[in-house]
Amino acid sequence: MGENKTILRDAAYVIRDSSRIERDSSVAVQGGSIIDLGKTEDLEERHMFDYALDCHGLALMPGLINCHTHVHETMIRGLGHDLPFHDWCDRLVFPVAEAMEEEGDELYYNLAQLTAMEAVASGTTALVEHSVNFAKRHSLTIARALRDLGIRGAVAKGAEDFSVIDRGHVGSTEQQIRETKAFLEKWSHDKPDDLVQAWVGPSGGKRTVGGCTNEALIQLKELADSYDTRYHIHWAGTSQEIENVRRDTGLPGSVAMAEELGILDERTSLAHCIWTVDEEREILRATGAQVVHCPSCNQICAIGVLPLVDLLERGVVCAIGTDGGPQNDSFDMFRDIRQAVLLQRISLMKADAITHAQAFMMATESGAKILGIENLGRIDPGCLADITAVRIDGNPFLTPLYDPLETLVYAGSGGRDVEMTMIDGRVIYRDGEFTTVDSEEVITKVAEASRRIRKEIPL
Ligand SMILES: [Zn+2]
């Protein structure tokens, strides 16, 4: 271990995970890993540090993990929120996607970096990108953009061999398999590190707006297994989907169908998974398949409320995702942690339905499980050095501060309160500045493209 050692020195708090908080502590990092933590004088006795980052007045916490998003859809942030679902697809989502295709690959690179900038500046250190519809043609570019910025995560390359709205983004089963294989192959050859993983990400099943036939779902799962990688998919997201499955198969729902197809195991994560019956929740538990809860999307798209409390009680791993621009408009995970708590409370009419600590765990340790990284999501020696620092002292929004975690979950705002973000031992963001990207250039290019694209939208 010849790598430099850095001390994150004199933090007011170190939130190690959802149940352990240290006061007046420091954290030692070497290369990409946390190697020690404790009182500053003890650490300085045990180590010779090359660098010191002053963390006076800050709370350090594990970086947040956003387990479902679509970075290209940031182009639709703040547009068309009051349309019914099918109009929204027809008049907004697909026309924007088509106009983006005209702009080409560079726009996808810039949108991926813009979204990752927002994530990093609001305390997120890893994200799962689901590159669906036209964006699946740009999965490699998106993966490069995320890696160049230095954020951890995965790109799940979309696949669609079926759609009720085919605007030219749908291909044959054989083509979807071939293109997904090419992506996995290329990324496994190109990658200089393991920061960004290449996953398989069919958009959904045949019974959603766009997605895959059962044959494609099975073959893509086999492909993911043969590359020893993960499978991420929109599943059981609308009541209509479930009605269609019941009508066509006689099964109780999409999760039961997924089990029959053989696509559920501990390397499959299901975005949304709102509509399930009791026996299907048992299937999730038994197979180890994971759920990504997107609480803002549940509300903005009015598609239902995840039975989160029931799933957590059964021991199903549930993480949190923001989903994309048109289903949230923000990539600030602090908002979605809070939404995850509030949505359960109002739907169950129970003020202690879920605790702030449970929601924080979903956004950290459970997210790490979805990424398949055991030593991530907490601040412990041996864990990866993905650390977010939040301004506590002198911050009127977080004063008074009795319990830093409870206050952050209910009163925190990532974009406002986060002062520093470290990923894999590198400071990617500090005091409003990004260290790996020319943020002004990225913002300008996306804003310019948005003005051209707006003229193409029939709203
Ligand atoms: Zn989604």
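## Close-ups of a predicted model

**View 1. The whole chain, for orientation.** A compact globule of 459 residues would have a radius of gyration near 23 Å, and the protein chain has 21 Å, which agrees (taken over C-alpha atoms; the globule rule is 2.2 Å times the number of residues to the power 0.38). This is a predicted model, so local features need pLDDT of at least 70 and side-chain atom pairs count only at pLDDT 80 or more, while totals for chains, interfaces and linings use all residues. Residues are numbered from 1 along each chain as its sequence is written. Along the principal axes, the C-alpha atoms fill a box of roughly 65 × 45 × 45 Å. The protein chain holds 16 helices and 19 strands (DSSP runs numbered from the N terminus: H or I of at least four residues for helices, E of at least two for strands). Of the 459 residues, 54% are buried (20 or more other C-beta atoms within 10 Å of the residue's own; exposed is 12 or fewer, partly exposed is in between, and C-beta atoms are placed from the backbone).

**View 2. Helix H4 and its surroundings.** Nine of the 11 residues of H4 (residues 139–149) are buried, so the helix is largely enclosed by the rest of the structure. Among them are Arg144 and Arg147, along with Ile142 and Leu149. What do the buried residues of H4 pack against? They pack against helices H3 (105–121) and H5 (173–190), plus strands E7 (124–131), E8 (152–159) and E10 (196–202). Just after H4, Gly150 takes a positive phi of about 100°.

**View 3. Leu146 and the largest nonpolar core.** Leu146, Val27 and Leu60 have the most contacts inside this core of 144 residues (buried Ala, Val, Leu, Ile, Met, Phe, Trp, Tyr and Cys joined through C-beta atoms within 7 Å). H3 gives the most to the core, with 10 residues. Domain 1 (5–62 + 378–434) and domain 2 (64–371) both contribute residues, so the core lies between them; the bounds come from an automatic or database domain assignment. Leaving out residues up to four places away in sequence, Leu146 touches Ala112, Ala116, Glu129, Ile151, Gly153, Val155 and Val196 (contact: C-beta atoms, placed from the backbone, within 7 Å).

**View 4. Pro84 in its loop.** Pro84 lies in the loop between strand E6 (64–69) and helix H2 (85–103). Is Pro84 buried or exposed? Pro84 is exposed, with 8 other C-beta atoms within 10 Å. From C-alpha to C-alpha, Pro84 and Val120 are 32 Å apart in space, and they are 36 residues apart in sequence.

Key: Contact = placed C-beta atoms within 7 Å.
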